[in-house]
Amino acid sequence: MSNSTLSTTDRSNRTESTGSDADDEDAGGVLELDGVSKSYGTESVIADLSLSVEEGEILTLLGPSGCGKTTTLRLIAGLDRPDGGEVRLNGNVVSGGDTFRAPEERGVGVVFQEFALFPHLTAAENIAFGLKDLDEAERDERVRDLLDLVGLETQGESYPDELSGGQQQRVALARSLAPEPAILLLDEPFSNLDVDLRVQMREEVRRILKEAGVTAVSVTHDQEEAMSISDRVAVMNDGDLEQIGEPEQVFQHPESRFVAGFLGYAGFLPGRIAGEVVETELGTVGRDQIHGLAPEYDDTDIDILVRPDDVSAHPCGDGGEGHGKVVGKRYLGPTILYEVELHGGDSLLCMHNHDETVPTDGCVEVTLDAGHELAWFPREQRPETGPYSD
Amino acid sequence: MATEQQTGTGGGDDEQPLGLTVASGAVAAAVVVPLLWLVKTALEVGFAEALSLVTRPTTVEVFLNSAVLVTLVTAACIGLGVPLAYLTVRTDLPFRRFWTVVVSLPLVIPSYIGAFAFVSAFGPRGAFQRLLAPLGVESLPEIYGLPGAVLVLTLYTYPYVFITTRAALKSMDTTLIDAARTLNHTRWESFKRVTVPQIRPAVAAGSLLTALYVLSDFGTPAIMKFDAFTRVIYVEFGTFGRDTATLLSLQLIAVTLLILTLESKIRGDERTTTGGRSGSPMPLGRWKYPALGFAALVATVALLVPLGILFTWLAQGVAATSQSLAFQPEYAFNSVLVAAATAGAATLAGLPVAYLAARHPSRLSSVFERATYVGYAVPGVVLGLALVYFGSSYATPIYQTLYLLVFAYIIRFLPQAIGSLRASFLRVDPALPEAARTLGETPSGAFRHVTLPLVAPGLFGGAALVFLTTMKELPATLLLRPSGFSTLVTHIWTAYEQGYFGQAVVPAFILLFVSGLSMLVIITQEGYDVK
């Protein structure tokens, strides 16, 4: 896997480079998007999006608000009609060309952002809503099974406004799973919950989805959520797919500065490749520690991606000039992030335990100590704006 | 699903649904056409003649009369409504909830019943004079004319100002006043510089309702024998002064538009805050009893006088009347019949308009929605006249039938149904029908199983409101009823015209009851809180 020099037009191949190692291309996934585009009025939201979702996996579309991820979900569900491209479910074209199948004919389940539970129906009636084709006995049994699955055996007769946020979400999940959809779509499923509940429900939802064996696409702007519930993460920016892969892969080897910055804190350490080492302000770094540094980059300037846990700051030794000075301090509870401005003008974030103190005046030395390969980007791609983002 | 790009729209398609748009446009056109007809009729009069009709002294006098009436009543309503609102919201007036309800209640009394009661109570030889006769009072000062009209209209329309001002005062953040006080303003200064600018839009809105009501009210000027637009139009029409009636109607519409413009100017930029805390009420101190007296006086005059008169008549029995005037249950049945037909038809006609406006907002859908509000701003007597012309020349098969009468009511009260429906549609999360779609419902199935049950309360609330206001409508009913068709309202009118006031008691009580119900509907619909 190389890095952001990889052209973004070559997206369709990427899904295979990760995870389950696509065994045969023809069968494709449960869901395939092929060159899909959508604009509202004159504003293009999605330009040319292709991706594929495998049977049984949980894929999360991750990106900042306005990146087109919710629109993508609506296009898959058939709640909006794409302007171009094809959407295929289990190999059947559901939109593309003149074909446009209505949402009710697609067999997709949707968990809506604010759950969209029918307020005039009880939890059990909500779950039974999509089970029109079953006879009463079968329907009751299915509803019972689902209430059981989501752990709400005793709440079937409650109305949505009598349920807590977490319970409402369980009902929404059960309702969308009831008709056994080919694919389940979740739109920011946790954004409506309290922070504490959110973490707990992530685990719970992942358990339920895996137990139901359903293929799912979820959408979020919360990288932590994406990392914790997904088998694969697709990072979107401005209507484009930036990178798709397993969570660890995407975090450790981001293919673009955007992905690097969007997933966790990122700092960029300038360096120059000189033979078997890369020379940086913090000293030399072995070439073997840099991920996939091809020979054609010899003698060029690069930026090494440095996460806060890769570096630490210490007071300067006697008379030493150190590498820079501390210009900021952020408490994160158990840890503290120190922002160090290097003499060369670049900034890095260093993570320390809350009981370690780093002097905020005077110079500091920064040590790079990463137990894994580091990602890098060619220098000429460095954007104008600052290197940090949350 | 709150999409980033497409907030608020519901359906799967971006385009306007054709069927709905056509239905909505048809409703809007049906409502507007008869009024355009009025303009066409006026244009046929000819310019020179029109000019002479408009500028002749009596026309000018009618204009001035109406202007004076509207100005005086609006000013008096602000004078009553704003202090009462302040007393019940921001002071420690005893029994504030009680007074809030009581001073809102006059809205329940249709102004023609009020006028009717005041004339019989305070007329030169009315009940009050008979009471004072033993003391040698031969006759009371004249109540007919401007004073009576101003008095009655003020008493039955000030609640508009009271209610809107109250709402603004309640939602106002009182820390603003605390801030002004800490900036060295006295209570009075901070009222002027902080409170007044904050409540001004609400006072203007209430005054607008009052002014429009006064301008369009037919019953009170007619009973008080005061030559305002509505009364003269009705009289001219009755005496075949068709051109004059038409031109006066247009003038009346012009004045209505003028008032609407004036209000939007006064309202100014709505830079008001809502929410926030409400601090402790202002202690009234030694002003407590005068304040109580003020509230009690207003309530007594507005409520006890008409009720007292009605009960007196009731006690006297319905003797000494001609058989032809006796109350027939059929009148009540007729009232219910036309009101129910109107409520049903208005709700059906309102559905596409409201749904389109709520779910597919666009310039076109809002034009359709606004068009349906035209009938609301047009005084009933003008609407009645327009439909008489329209019906007698273009819709002869339904002229002089109940269909035309119901049509008139629909034009007049459709906005009540649409307003209620539109608000209900907006309250339904667009994700709900979408959720139904993903669970296998067709668009119409999703509408029937999800949207409709959720808007049902609003639908019935709107229909009930149309039903109740239709039952009270006076001028259009008088102009358009088929001959021989009597309702509660027309019966009261006949009793008044023939001087057998006592005959109006039963229908008047029924109408008061109906009015009370309609207030109740409004209150439960809008969550008006009296705390």
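In this predicted model, the side chains of strand E9 of chain A are divided between two directions, with A:Ala216, A:Ser218 and A:Thr220 pointing one way and A:Val217 and A:Val219 pointing the other way, and all of these residues are buried. In a regular strand the side chains alternate between the two faces of the sheet. The strand, which spans residues 216-220, is accordingly described as mostly covered, five of its five residues being buried.

The pairing of E9(A) involves two strands of chain A. Strand E3, residues 58-62, runs parallel to E9(A) and is joined to it by five bridges, and within this pairing A:Leu62 has A:Thr220 as its bridge partner. Strand E8, residues 183-187, also runs parallel to E9(A), here through four bridges, with A:Asp187 partnered by A:Val219.

Turning to chain B, the residue B:Leu511 is located in helix H22, which covers residues 505-526. Why does B:Leu511 count as buried? B:Leu511 is buried because 24 other C-beta atoms lie within 10 Å, where the cut-off for a buried residue is 20 or more. When neighbours within four places in sequence are left aside, the contacts of B:Leu511 are B:Pro110, B:Ile113, B:Met471, B:Lys472 and B:Leu488.

Terms used. Residues numbered from 1 in each chain as written. Chains lettered and ligands numbered in written order. Predicted model: local features only at pLDDT ≥ 70, side-chain atom pairs only at ≥ 80, totals over all residues. Buried ≥ 20, exposed ≤ 12 C-beta atoms within 10 Å, placed from the backbone. Pairing = 2+ DSSP bridges. Contact = placed C-beta atoms within 7 Å.
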